[in-house]
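Today I'm going through the aromatic rings in this one. I'll jot down what I look up as I go.

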Amino acid sequence: MRVPDRVLALFLFLVSVAVYLPSIEGEFVFDDRTQIEGNQLIQRPEYFGKALRSDVFAFRSESHLDGGVYWRPGFVAWLITNYRLFGIDPAGWHITSLLVYGLAVILAFYVVLRVGGSQMLAACAALLFALHPVHVESVAWISGVTDPLLAIFYFSSLLLIFRLREKPTLGRWAAALGVFACALLVKEPAIFFPLLAVVAFRQRWGSQEEGRESW
């Protein structure tokens with residue numbers, strides 16, 4: 001008997017959250033201490049506009065201009081939102097990181113399903129994604145949340161593009177491009193998304209010649 005996809009997705013979410021549940025007890029470390037605890041740009045409302053226009057590390061200088069090379073307004077908006085909710089209590093920040101990661105795992109599951117993978121293959125791929133130790137830093141380290149955030153927008157845009165293939169509408173185009181724009185505003189590797197989308201399309205709907213797909 002086939003297990004409903006939603007049940008499997010919920011299971012994967014719970015597993016991914018349970019594995020990293022001990023991280024909730026963690027403190028601010030490394031960049032967290034300056035990027036969150038010592039960052040007036042995300043703490044004071046009068047600086048919010050400047051924070052969104054500036055480099056992620058603009059808070060390091062009094063002029064807020066000599067920061068670095070990372071413009072990530074989506075990530076900065078995430079920092080501002082979390083600070084408004086939790087202040088400098090790291091537990092709340094860790095909880096939101098866990099929720100984001102769990103959602104990324106669910107979306108990974110559905111992406112594999114949509115490119116033609118079986119339910120078992122999709123579940124195994126998402127479970128591997130959830131449990132792979134390479135993700136420890138991205139989940140347990142608060143400032144590493146850029147990776148799960150990027151994954152959410154990446155996978156969401158890909159799923160929306162798949163829906164475009166079924167029925168192209170202006171609304172779906174706008175949604176897919178809007179979510180992709182959010183990915184670009186979170187972390188730089190999003191620029192490779194168009195290539196990923198092309199490969200996924202060819203894998204899922206590539207033309208067949210002599211019984212074989214062209215790619």
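**Entry: ring pairs.** I'm working on a predicted model here. I looked up the aromatic pairs and got 8 in the structure. I then opened the pair of phenylalanine 28 and tryptophan 93: the ring centres are 6.2 Å apart and the planes sit at 80°. Edge-to-face means over 60 degrees between planes, so this pair is edge-to-face.

**Entry: what does that pair tie together?** I checked where each partner sits. Phenylalanine 28 is in the loop between helix 1 (5-19) and helix 2 (31-37), while tryptophan 93 belongs to helix 6 (residues 90-114). The pair therefore links parts that are 65 residues apart in sequence. I also looked up burial, and both phenylalanine 28 and tryptophan 93 come out buried.

**Entry: a second pair.** I went on to phenylalanine 109 and tyrosine 110, which are also paired edge-to-face, with 5.2 Å from centre to centre and 65° between the planes. Are these two buried or exposed? Phenylalanine 109 has 0% relative accessibility, so I log it as buried. Tyrosine 110 is at 24%, so that one goes down as partly exposed.

**Entry: a cluster.** I noted one aromatic cluster made up of Tyr20, Tyr101, Phe129 and Phe155.

Entry: Most residues other than glycine have a negative phi. Phenylalanine 30 isn't a glycine, yet I read a positive phi of about 50° for it. I placed phenylalanine 30 in the loop between helix 1 and helix 2. Its relative accessibility is 64%, so phenylalanine 30 counts as exposed.

Key:
Residues numbered from 1 in each chain as written. Predicted model: local features only at pLDDT ≥ 70, side-chain atom pairs only at ≥ 80, totals over all residues. Heavy atoms only, no water. Phe/Tyr/Trp six-rings, centres within 6.5 Å; stacked < 30°, edge-to-face > 60°. Helix = DSSP H or I, 4+ residues; strand = E, 2+ residues; numbered from the N terminus. Buried < 20%, exposed > 50% of the residue type's maximum accessible area, 1.4 Å probe, protein only.
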